[in-house]
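Me: Got a model open and want to talk through it. Can we start with the ligands?

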Amino acid sequence: MSKTIIISNRLPLQIKIEEDEISVSQSVGGLATGMKSVHEDGDSLWIGWSGLTEEEITDTTRDKVQKEIEKNKCAMVPLSEDDVDHFYYGFSNKTLWPLFHYFMEYTTFEQENWESYKRVNQKFADVVLDHVEDGDTIWVHDYQLLLLPNYIKQKKPDTNIGFFLHIPFPSYEVFRTFPWREEVLEGMLGADLIGFHTYDYERHFLSCVRRLIHLETNFNEISYDDRIIKVDSFPMGIDYDKFYNAALAHENMNGDEKSDIQKRLDEHLYSSDDAKMILSIDRLDYTKGIPNRIKAFEYFLEKYPEYQQKVRLIMLAVPSRSNVPQYQLLKRETDELVGRINGKFSTVSWTPVWYFYRSLPFDNLIDLYTSCDVAMITPIRDGMNLVAKEYVATRVKQDGVLVLSEMAGASKEMNEALLINPNNFEAIADKLKQALEMPKEEQKERITSMQARLKRYSVEKWAEEFFTALNTSKTVRNTIVSK
Ligand code: ADP
Ligand code: F6P
């Protein structure tokens, strides 16, 4: 029976080894959480990196790791320390990530990292080729694997390959600065269908294909040798029912079942009639606009002092890519800014910012989503941002307000949010006030229409539409070849 092969840099599970014992946790990030439900429900194999380097896996632990991987319907790509340094931290996260998010000043172009990127993409291809059978469908994900579609297509020309980019595709003016631009475009063009979150990313890609490798494009189709490659936008959804049902169960929880975090949140909520909580959740990443958010909140407390002691920002930052210097600097800057604002405004009974720098279990995420009156999501640039969607899905009483950056892909589908430019503190402060004072009726109207859309366009639907388009693109190719 044919299967789907999902390939991403990280597997949905992260394995750690301590004193010959292995522990397993869930991967954090939009790709892993989104694709997890697709993987669990279907007949699929997920190929990727376990989070462990080859040097970390000993003879005693190899079997245990392997069993855990297989139990989760996965296969592992072995990465060495050197691969992790040059491919993952190096090329993926010091070159592609900042460049594609328009942080050109953070982007480095190192030949050694590029060589490693090519080598590791080839390693992924080798594992895929070991597992692929006739009739299988391949779905490659994200910026760490831009060369992989072509590596597979070269060896298995008849296999149907989809590629989806989870981050923005930058405009031509930015992409043209990239030294290996032609190779990367050709790598992606190994796929039969190339998907993006938004129409803007799609048209940037098409423009680069036209202007840099001079291929003919016809609306959203590219002619390449004897193939027609389809390009389209598929805004990724969430597992709506999972979040909605978890929030419903949370509503019916009694006092004894409450987590410590929930009890602390309750303390603030019940401290006065008009106490409010504002939430932000992200990986600690410079694209997420964390310093801007804290500064804008500080400005808000200065501009509207009546809100001091009434409102609290709950900020969850999940550690991420902490070997990259820019992330270490961001951690320091965030700590300092939180210290500054808390030092400036705190009273005996109130601190304006509660800052958690750690990963929390799913139940605690639900505690946070359901307890906060406002979600304040202010990325400088973000491919999609699933947190915004998850917040809305958990508002089972149809209340709450989403303040969202227009630079997040999600803003294209969430017009009922209060949209802001993350660099405009004046506007953020005013929208925050509007959010905190929004009448319940208006909250309900906005949340209800966003929920209806999120429920309709769930992650399952997203995957289904991608697969349907991929199967159609195969038909197009067969027709051309048989002519
Ligand atoms: P990105 O992909 O850039 O990290 P997104 O907002 O699109 O950003 O996705 C973040 C995902 O990670 C969301 O699905 C969110 O639920 C999940 N997440 C955030 N914090 C945690 C956590 N502590 N534990 C598990 N998942 C988390
Ligand atoms: O969504 C963007 C993304 O880079 C995903 O590819 C990844 O799962 C997530 O963010 C987390 O990043 P990392 O795998 O580098 O921890």
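Me: Which residues come nearest to ligand 1?
Reply: This is a predicted model, so treat it as such. Of the 16 residues around ligand 1, the nearest are Gly29, Gly30, Thr33, Ser359 and Leu386.

Me: Which element gives the most to that shell around ligand 1?
Reply: α14 does, with three residues. At least two residues each come from α1, β12 (276-283) and α14 (386-393).

Me: How do the residues of that shell around ligand 1 divide, nonpolar, polar and charged?
Reply: Eight are nonpolar, six are polar and two are charged.

Me: Now ligand 2. What surrounds it?
Reply: The shell around ligand 2 is Arg10, Gly29, Gly30, Leu31, Ala32, Asp142, His166, Ile167, Ser320 and Arg321.

Me: Where does the largest share of that shell come from?
Reply: From helix α1 (residues 30-41), which supplies three residues to the shell around ligand 2.

Me: And by class, what does the shell around ligand 2 have?
Reply: Three nonpolar, four polar and three charged residues.

Me: Switching to helix packing. At what angle do α9 and α13 pack?
Reply: About 80°. The axes of helix α9 (residues 240-251) and helix α13 (residues 362-371) are 10 Å apart. Angles of 65 to 115 degrees count as roughly perpendicular, so α9 and α13 are roughly perpendicular to each other.

Me: Which residues meet there, α9 to α13?
Reply: On the α9 side, Ala246, Ala247 and His250. They meet Ile366, Tyr369 and Thr370 in α13. By class, the contact of α9 with α13 has four nonpolar and two polar residues, and no charged residues.

Me: What about α11 and α12, at what angle do they cross?
Reply: Roughly 10°. The axes of helix α11 (residues 290-303) and helix α12 (residues 325-345) come within 9 Å. That makes α11 roughly parallel to α12.

Me: Which residues make the contact?
Reply: α11 puts in Ile290, Pro291, Ile294, Lys295, Phe297, Glu298 and Leu301. α12 puts in Leu330, Glu333, Thr334, Leu337, Val338, Ile341 and Phe345.

Me: How do the residues of that contact divide by class?
Reply: The contact of α11 with α12 has 10 nonpolar residues, one polar and three charged.

Me: One more pair. How far apart are the axes of α3 and α4?
Reply: 8 Å, with a packing angle of about 110° for α3 and helix α4 (residues 111-131). α3 and α4 are therefore roughly perpendicular to each other.

Me: Which residues make that contact?
Reply: From α3, Asp83, His86, Phe87, Gly90, Phe91 and Thr95. From α4, Glu112, Asn113, Trp114, Ser116, Tyr117 and Val120. The contact of α3 with α4 has five nonpolar, five polar and two charged residues by class.

Me: On to the core. How many residues has the largest nonpolar core?
Reply: 130 residues. Those with the most contacts inside that core are Ile7, Ala375, Ala388, Leu402 and Val403. Helix α3 (residues 81-100) gives the largest share of this core, eight residues.

Me: What does Ala388 touch?
Reply: Ala375, Ile377, Leu402, Leu404, Ala408, Ala410 and Met414. That leaves out residues up to four places away in sequence.

Me: Backbone next. What is the phi of Asp20?
Reply: Positive, about 65°, although Asp20 is not a glycine. Most residues other than glycine have a negative phi.

Me: Where does Asp20 lie?
Reply: In the loop between β2 (13-18) and β3 (21-26).

Me: Is Asp20 buried or exposed?
Reply: Exposed, with 9 other C-beta atoms within 10 Å. The cut-off for exposed is 12 or fewer.

Me: And Tyr102, what is its phi?
Reply: Also positive, about 70°, and Tyr102 is not a glycine. Tyr102 has its place in the loop between α3 and α4. It counts as partly exposed, with 17 C-beta neighbours inside 10 Å.

Me: Last one, Ser346. Where does Ser346 lie?
Reply: In the loop between α12 and β14 (353-357). Ser346 is partly exposed, with 14 other C-beta atoms within 10 Å.

Me: What is Ser346 in contact with, leaving aside neighbours within four places in sequence?
Reply: Thr351 and Pro352.

Me: How far apart in space are Ser346 and Asp367?
Reply: 24 Å, C-alpha to C-alpha. In sequence, Ser346 and Asp367 are 21 residues apart.

Key:
Residues numbered from 1 in each chain as written. Chains lettered and ligands numbered in written order. Predicted model: local features only at pLDDT ≥ 70, side-chain atom pairs only at ≥ 80, totals over all residues. Near = placed C-beta within 6 Å. Helix = DSSP H or I, 4+ residues; strand = E, 2+ residues; numbered from the N terminus. Nonpolar A, V, L, I, M, F, W, Y, C, P; charged D, E, K, R; others polar. Axes fitted to C-alpha atoms, helices over the stretch in contact; angles between N-to-C directions. Parallel < 35°, antiparallel > 145°, perpendicular 65-115°, else oblique. Contact = placed C-beta atoms within 7 Å. Core = buried A, V, L, I, M, F, W, Y, C linked by C-beta atoms within 7 Å. Buried ≥ 20, exposed ≤ 12 C-beta atoms within 10 Å, placed from the backbone.
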